[in-house]
Amino acid sequence: QLQLVESGGGLVQPGKSLTLSCVASGFGFDDYALGWFRQAPGKEREGVVCISSRDGSTYSLSSVKGRFRIYRDNAENKVTLQMNNLKPEDTAVYYCAAKKALQGWDVFTSDYEYDYWGQGTQVTVSS
């Protein structure tokens, strides 16, 4: 089992950057595909950026392509979401999630596919 703890949320002005981190405790971190999801008030949770367990394959939501990047450090049991040029519509609670993957290249983009979730961290983009 994994436990995931996010950090790094906060209030930021439009156009600025923010980095979210998620640290996992437990064994076999590098067997897990990872994802960052977000949920804004009144909206469904959506996959933002997701990454495979082994080969670095990624998926990005179209509205964040070119602005958000995901990094994983298997030695540190850590996944990071680098968010640049933030927009008010990026305001949401952000969650990291993990799913044990059979194939090292699989990327999972739907929240129902994931087994483990962090508690979430609020990101507010406002002037």
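## Charge, fold and selected residues of a predicted chain

The mean positions of the 13 positive and 14 negative charges of the protein chain lie 6 Å apart. The model is predicted.

**Overall fold**

The protein chain has eleven strands and zero helices. Along the sequence, the pattern reads β-β-β-β-β-β-β-β-β-β-β. For 127 residues, a compact globule would have a radius of gyration near 14 Å, and the protein chain agrees with this because its own value is 14 Å. Taken along the principal axes, the box filled by the C-alpha atoms is roughly 45 × 25 × 25 Å.

Of the 127 residues, 43% count as buried. The protein chain exposes about 6,600 Å², and carbon and sulfur atoms supply 45% of that area. Contacts between residues at least 6 apart in sequence were also sorted by separation: 62% of them join residues at least 24 apart.

**Residues in strands**

Glu46 belongs to strand β5, which covers residues 46-51. Leaving aside residues up to four places away in sequence, Glu46 touches Trp36, Phe37, Arg38 and Leu61. With Arg38 there is also a polar contact, side chain to side chain, at 2.8 Å. Val125 is 79 residues from Glu46 in sequence, and the two C-alpha atoms are 18 Å apart in space.

Phe68 lies in strand β7, residues 68-73. With a relative accessible area of 3%, Phe68 is buried. Residues up to four places away in sequence aside, Phe68 touches Arg38, Val48, Val49, Leu81, Gln82, Met83, Asn84, Leu86, Asp90 and Tyr94. From Phe68 to Leu18 the separation is 50 residues in sequence and 9.7 Å in space, C-alpha to C-alpha.

Ser60 is in strand β6, which spans residues 58-60. Ser60 counts as buried, at 17% relative accessibility. Its contacts, not counting residues up to four places away in sequence, are Val48, Val49 and Lys65.

**Residues in loops**

Most residues other than glycine have a negative phi. Asn77 has a positive phi, near 55°, and Asn85 has a positive phi near 50°. Asn77 is placed in the loop between β7 and β8, where β8 covers 78-83. Asn85 is found in the loop between β8 and β9, where β9 covers 92-100. Asn77 counts as buried because its relative accessibility is 18%, and the cut-off is under 20%. Asn85, in contrast, is partly exposed, with a relative accessible area of 41%.

**Accessibility of the residues described**

| Residue | Relative accessible area | Class |
|---|---|---|
| Ser60 | 17% | buried |
| Phe68 | 3% | buried |
| Asn77 | 18% | buried |
| Asn85 | 41% | partly exposed |

Methods. Residues are numbered from 1 along each chain as its sequence is written. This is a predicted model: local features need pLDDT of at least 70, side-chain atom pairs count only at pLDDT 80 or more; totals for chains, interfaces and linings use all residues. Side-chain values use heavy atoms; hydrogens and water are left out. Helices (H or I, at least four residues) and strands (E, at least two) are DSSP runs, numbered from the N terminus. Contact means heavy atoms within 4.5 Å. A polar contact is a pair of N or O atoms within 3.5 Å; within protein, one must be able to donate a hydrogen and the other to accept it, and residues adjacent in sequence count only if both atoms are side-chain atoms. The radius of gyration is taken over C-alpha atoms; the globule rule is 2.2 Å times the number of residues to the power 0.38. Buried means under 20% relative accessible area, exposed over 50%, partly exposed in between (1.4 Å probe, protein chains only). Accessible areas come from the Shrake-Rupley method with a 1.4 Å probe; for residues, only the protein chains shown count as cover. Lys and Arg count as positive and Asp and Glu as negative; His and the chain ends are not counted. The place of a charge is taken as NZ of Lys, CZ of Arg, CG of Asp or CD of Glu.
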